[in-house]
Amino acid sequence: MAEIVSFNPGLGIVIIAAAPGEDVSGWTFESYTRSGNFASYVASGPVDFSDPQVSASDPSLIYYTSDFGLPQLNQRDAVAFVDGNGSLVETIGWGNDSTFFLTGGTANGELISPGSGNYAGDNNQGWYSKLPGDPWTGNNGSPDDGLPDDLIPFVPPCFAAGTLIDTPDGPRRVETLRPGDPVLTAGGDTRVIRWAGRTIVRFSERGGPEHLRPILIRADAFGPGSPDSDLRVSPQHRIVSSGLWNDVLFGSRDVLVAAKHFVNGTTVVRDDLCGSVEYVHVLLDRHEILVSNGVPSESYHPGPMTVGALDRSLRDELFEIFPDLQGGAPAFGDSCLPVLRAWEARLL
């Protein structure tokens, strides 16, 4: 069953791990904070399942990161995890008091204590983490989120049809590119397309895969000429962010950030008006940075779950060209740049 594996009260982040296929829609968190000798219910909020991540080396779990307002007194604080039926899944407490009861909410009457396996410790607003399946021991303070280092998007990152990709002969619409065609990397090198796949996603008033709606990056959103015209990509498609501050924070001037993490409601928005979108995947011999509408962004980077999300006909075609991919992502290689997680992208 899904469980909390990492959280940070200072950042307001809660991360859960769930099995592939486990439906966490409708699940919620509840926050509790000090009130006398107890911790009382404060508020609840939904699990954000729009940004699933999976380990390239171990696709047995999917990680979901939610931005939820955790209490920050660091005295008697707690979070409860509640499933879609309103049943309590687990409670976790932290702060300078290791034993206390919860009042109100779904977890009313629950005891937080080291002996109950639900006390994480006192890390002064930093990270708390554990391995899936392990209890909270009271010594779960961590310098970071404790997640696998090789997390990749669960859904395939891709360009929307109409995107212009730089080639030696000038920009070309991505849907016109074919295997064997040359493209230019952001560094000016020529690479050859090995595989190109296309997927059409349809939306309707009755609902649909809303988490797959494209992200619209308006012209000049990142500065003059960046992009040079409106750019649409899938939510998980990763864009290059460059700057000296990146080097300080992440050890690299250039990093990759999922398009959805740039959404600001004005210059970068989710496209809620389109009735459908055609996504195009462009695969090279290795993961590279291409130039799309003047913006450096990634080529397709296949992983065990992103490949699994493709239509069967596309998977079969891909495996004919790259048979080793049937054994998982390591056969293709690592990302060409560091990839930021949701909470890291918020620091930029």
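Reader: How much accessible surface does the protein have, and what percentage of that surface belongs to carbon and sulfur atoms?

Author: This is a predicted model. The accessible surface comes to about 15000 Å². Carbon and sulfur atoms hold 48% of that surface.

Reader: What makes up the secondary structure of the protein?

Author: Four helices and 29 strands. The protein has 348 residues, and 50% of them count as buried.

Reader: Why is Arg76 called buried?

Author: Buried means under 20% relative accessible area. Arg76 has 12% relative accessibility, so Arg76 counts as buried.

Reader: What makes Arg76 and Asp97 a salt bridge?

Author: The cut-off is 4 Å from a side-chain nitrogen of Lys or Arg to a carboxyl oxygen of Asp or Glu. Here N to O is 2.6 Å, so the pair qualifies. Side chains of opposite charge can pair when their charged atoms come close. The structure holds 15 salt bridges.

Reader: What does the pair of Arg76 and Asp97 tie together?

Author: Arg76 lies in the loop between strand S6 (62-67) and strand S7 (77-82). Asp97 lies in the loop between strand S8 (88-94) and strand S9 (100-103). The pair therefore ties together parts that are 21 residues apart in sequence.

Reader: How do you know that Arg238 forms a salt bridge with Glu298?

Author: The closest N and O atoms are 3.0 Å apart. The limit is 4 Å, so the pair passes. This pair links distant parts of the chain, 60 residues apart: Arg238 is in strand S24 (residues 238-242) and Glu298 in strand S29 (residues 295-298). Both residues are buried.

Reader: What makes Glu288 buried, and which residue forms a salt bridge with Glu288?

Author: Glu288 has a relative accessible area of 9%. The limit is 20%, so Glu288 is buried. Glu288 forms a salt bridge with Arg286, with the closest N and O atoms 2.9 Å apart. Asp189, Arg191, Arg286 and Glu288 are linked in a network of salt bridges.

Reader: How do you know that strand S3 (residues 28-35) and strand S4 (residues 38-46) pair?

Author: Pairing needs at least two bridges. S3 and S4 have eight, in the antiparallel sense, so they pair. Thr33 has Ser40 in S4 as its bridge partner. The two strands form a hairpin with two residues between them. Gly36 in the turn has a positive phi of about 65°.

Reader: How many bridges does S3 share with S7?

Author: Five, also in the antiparallel sense. Phe29 stands opposite Phe81 in S7.

Reader: Which residues of the largest nonpolar core touch the most other members?

Author: Ile4, Phe7, Ile16, Val24, Phe29, Val79 and Phe81, in a core of 21 residues. Strand S1 (3-8), strand S2 (13-18), S6, S7 and S8 each give two or more residues to this core. S2 gives the largest share, three residues.

Reader: What does Ile16 touch?

Author: Its contacts include Ile4, Val24, Phe29, Ile62 and Phe81, not counting residues up to four places away in sequence. A second, separate core has 19 residues, among them Ile193, Ile217, Val280 and Val295.

Conventions. Residues are numbered from 1 along each chain as its sequence is written. This is a predicted model: local features need pLDDT of at least 70, side-chain atom pairs count only at pLDDT 80 or more; totals for chains, interfaces and linings use all residues. Side-chain values use heavy atoms; hydrogens and water are left out. Buried means under 20% relative accessible area, exposed over 50%, partly exposed in between (1.4 Å probe, protein chains only). Accessible areas come from the Shrake-Rupley method with a 1.4 Å probe; for residues, only the protein chains shown count as cover. A nonpolar core is a set of buried Ala, Val, Leu, Ile, Met, Phe, Trp, Tyr and Cys residues joined through side-chain atoms within 4.5 Å. Contact means heavy atoms within 4.5 Å.
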